Structures are given as structure tokens and as C-alpha cells.
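Please read them beside the sequence and the model.

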Amino acid sequence: MKAALSRRQRVALSGLGLVVFFGGWEAAVRTGLLPSGMVPAPSSLWQAWLDEVHGGFWQQAILDSLSHYALGLLFGSVLGALIGLLCGMVPVLDAFLAGIVHLLRPVPGLAWVPFAILWFGLNTSGATFVIAISVFWINFYAAYAAVRSVDPELYELASAFGHGSFLGRLFKVVLPASAPGVMAGLRTGLGQGWMSVVAAELFGVPGIGARMMQASSLLATDVVVVYMLTMALLYAVTDFLFGFVRLRVLRWQA
Amino acid sequence: MSDATPLARLDDVGLSHDGGETFILRHVSLNLHKGEFVALLGPSGVGKSTLLRVLMGLSKPSEGTVTGPTDDGGAAEGRSAGKRRAQALVFQDARLMPWRSVLRNVAFGLEGLGLNRQEKRERALDALRLVGLEEAADRWPKRLSGGQRQRVGVARALTVDPDLLLMDEPFGALDPITRNSLQDELLRIWQQTHKTVLFVTHDIEEALKLATRIVVLSGSPAGITGELTIGAEQKTPDSPAFRMYAARLRAMIAGEADPGGAPYWRSAEI
Ligand SMILES: Nc1ncnc2c1ncn2[C@@H]1O[C@H](COP(=O)(O)OP(=O)(O)OP(=O)(O)O)[C@@H](O)[C@H]1O
Ligand SMILES: [Mg+2]
């Protein structure tokens, strides 16, 4: 086996990969290998981005999408994790909800769009609803699985030292013990949330998704790519920031 | 002693995990009197930890009754307004919470007793000092050795200042020197605080050194098959009395008839 790469080598190599990717793409468009009407050249993206910024579209789209994202993530994550934790802890509730969960779980978040429009309209609430639903399930299952895998001996320990009540078990055992699993769910939801943002906005709620849809109907592929990259950047930033929170909460795992 | 109300008692206790088909414990009666140091000896897998869990209220007995110090008004005398717990258990596996520092693991039982942050910290540090681990207070459990973890478990039980201290092979994982010093420390605490101790061990010499009474659990389902009261002469290592008791205990654990005859051999309730 080859020796493991150092961190610096890995970063350099992944940078090289990106350069090759964009360079190859640029070359393919310039040589006519890729038709420029279908694929924008990377070199045209800068100008397209500047135009979007000057028109104020880019900032507005980000603000709109961020608010959908933040609200959807908040509701979906909190409700998902909470109900997942409770189902994991309370067998009666678990059994009671099992049928409903099996019924609703296979319905993709996108399938809720008609109802989102009907119930909330083409607005922030509608988009938030769709995002919340897709994030909900990720967090629900992550939290549920995390609670179910808590070592039962820790409940015994809690009882032995006066924390055997429901609240004692919840706060002294379940929450800290399932934190790694819940955090993993939150993190997956963070990514899934961005995907749902586009889906939720494609139908006309203002934001990055709607802006992409407009651009694509005008065949402005460079603008579409600008927003694709914007999305990637926003995801990278949120994931990076979450990394700090996670490290702080799970210090004991280091 | 036999007339006084015991601090805790098991009365004809049976325990089955499968609804009464097979029993781990059956017809177990044991009185723990205030101030006693009782060692519980028995072969591996016989049900010693199970007995401790029943006494601690962590397993409900399938038969019989359990009375712990919490149920007993008389035993609670002198408890300083809820700043203590009636009983505490040292688990056989140290059973620390990996997300808590050593200090906060020790303080676990102090939470909910109405102590402020500083009081909790001081009491937990005192307990860590007793087991020689105060410098490890801020470490994570996974950075400790097995023996150190076990000592944290001992500190966690001591710090709640219980009337009844249940210890499940607490010193099993320690080197002889640390073990000896913790045994001495435990004896000192016991003598000073008049706690009642039930101490599970595999080590006959440890039992003879520490206990005022030794109880043997054996058989399947397990019952109490032997009992010896330990006096000063049996505590002198390598004395004839010591050797005779050690031999008798070995025989009892192996399930043989007590070779030493009747004087301390228990058949009736004491
Ligand atoms: N939850 C359970 N369900 C069924 N059987 C169990 C359960 N827990 C323990 N047992 C059985 O009960 C018996 C007694 O176990 P226990 O842990 O009390 O033994 P022990 O005397 O403490 O042994 P050791 O000295 O090895 O610690 C064992 O045969 C074990 O297999
Ligand atoms: Mg055991």
C-alpha cells in the first residue's frame, strides 16, 4: 500500500483536479468539442456573475433562498430530531406512529409541492414547507437510530444515581449519547436542504432556483452555471460552519 | 445485631429473566445491618451482579421483597437535608459516560441534590483525591486505563456519601499495590463514616481482609449457601484461623459441604 498523503498534498491535488476540470472544460468549448450554445465557457462565467451582481439579482436570490433554507432547515431539523428522539424513547409513541411513518416516508419532498402551493401559495411559507419536509425525514431517522443505539446500561447507571425519571434519562443520557447521530443527521440535512431549495423554487417562489429557471428559459446557460456554483459555495460555507459547531459539541470524541 | 432492623434486606428473593421458567436467584434472604461490611463471594456467572442490581432497585425481583435504605425511615437518620443518596453502586464495568470529563462523571450522582456548582466540584474532587486521581479530573474517560476508570466509578459512588455502598468487584482490575491502598482507604472510610458495605469479590483474601461477614452465593438457581462471621483472628494473614476460613470459603464456593463444621454455618435467618 502507498503511504498516506499529507494534508497539504491532498489539498494541492484537489486544487489541481479543479484546474484540470475547468481547463479541460474551457478547452472543450473553445475547440468546439462542446457546442457553446449548450455549454457556457468557464471564462464567460465571470462576466455573467458581474452582470447578475450589478443588477442586484444575485444578492436578492441568495437572500431569498437563504431565508427559505434557514426556515425550512430549522423547522425540519428541530421537528425531525425531536419526534425521532421521542419515538426512540417512548415505545408507545413509536408503535403508534409506525404505520403513519411507513405511509408518509416514501413520499418525496417534491411530491408535496402541489400542496405547498395550495396551502401556502408561491411564497416563502410554501418553499419552507417543501424544504422542511425533506429535511424532516433525514433528522427523524438519524435521531431515532441514535436513541435506539444508546447503551441500555447507561439508563441503568442513570437510575442508580437518581436520574431514572423520563426527564433525567432524556437530559442526562439520551441527548448527550445520541448527539453524534443527531449531528450526523443535521449535517446530511444541511446538504439535502440546498437541493430542496432549488426544487421548491423551480415552481416560481423567488430565489436561486427561480432565477435559474428564468435563465434557462432564456437559454442563458452561463447564468445557470453561475447559480449552480453559487449553490455549491453556499453549501460549502454552511457545512464548514457546521463543522465548528460539531467539533465543539462532540469534543469528547476527539 | 440480629435484633436490630436491618438497613436493607432481601426476603426470599427470586429473579427470573424469562418469566419464571429459569431462575438466576431463588430463595435469597439477606439482611444488611447498619455498619456491617459484608463480602459476597461466589463463582463467576452465579448471580452476584444480579443480586446487587436487585438490591439497588435496578431489577425488580420476580419473587420476594426488597427493602432498601430509601424505604426505611430509621436508616435515613442523620442525612443532611437531601445532600446525599441513600445507596450507591460501583458497577463491575466502570460504566463511565464518555461525553463527560472524569470530574463530571464523578459529580453525576451529585446533580439534582441541590448543590451549587462549587460544592459539586469540591465534593467530586475530594472523592477523586481519595482514589488518587485528582490530576485526571479534566480528562476524558477514554484516555484512562481500565484500572483508572474503575477508580472513577468508585469515586462516583463515594461522593454521594451513601448509607449503603454496593461494590461489584471494584478493585478487580488493579495492580496489587494500588489495590492494597484502595482497600485500606475503603476500610478507613467505612470505619469513619459507619457506612454499610456490600462488596463483591472473587478474592478470598480480599474478602477476609475487608469484611466483618462473608456470604457465599452458589448453585443454580443461586442461593446463599454459606456465611461466616469474621473476627480479628481470621484477619491475620497466614494465621491458622485465616487459613482455615480460606479453606472453608473455597469449599463453599465450589459447592461442597462446609468442611469446617457448624459454628458459623448459616441455615436459619440471622
Ligand atoms: N439480562 C439477562 N437476561 C438473561 N440472563 C442474564 C441477564 N443478565 C445476566 N444473566 C445471566 O445471569 C447469570 C448471573 O449473572 P451475573 O452477572 O449476576 O453473574 P456474576 O455472579 O456477577 O458473575 P461475574 O462474577 O462473572 O461477574 C449469568 O448466568 C448470566 O448469563
Ligand atoms: Mg458480576
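1. Which polar side-chain atom lies 2.5 Å from an oxygen atom of ligand 1? A polar side-chain atom of Thr50(B) lies at that distance, a polar contact being a pair of N or O atoms within 3.5 Å; within protein, one must be able to donate a hydrogen and the other to accept it, and residues adjacent in sequence count only if both atoms are side-chain atoms. The protein buries 59% of the 640 Å² that ligand 1 exposes when taken alone (Shrake-Rupley method, 1.4 Å probe).

2. This is a predicted model, in which local features need pLDDT of at least 70 and side-chain atom pairs count only at pLDDT 80 or more, while totals for chains, interfaces and linings use all residues. Residues are numbered from 1 along each chain as its sequence is written, chains are lettered from A and ligands numbered from 1 in the order in which they are written, and side-chain values use heavy atoms, with hydrogens and water left out.

3. The backbone of chain B also takes part: a polar backbone atom of Gly47(B) is 2.9 Å from an oxygen atom of ligand 1, and a backbone N or O atom of Val46(B) lies 3.2 Å from one. Among the residues surrounding ligand 1 are His17(B), Lys48(B), Gln92(B), Glu169(B) and His202(B), where near means a heavy atom within 4 Å.

4. Chain A is divided into domain 1 (1-39) and domain 2 (43-253), with bounds from an automatic or database domain assignment. Their C-alpha centres lie 30 Å apart, and six residues of domain 1 of chain A are in contact with four of domain 2 of chain A (heavy atoms within 4.5 Å).
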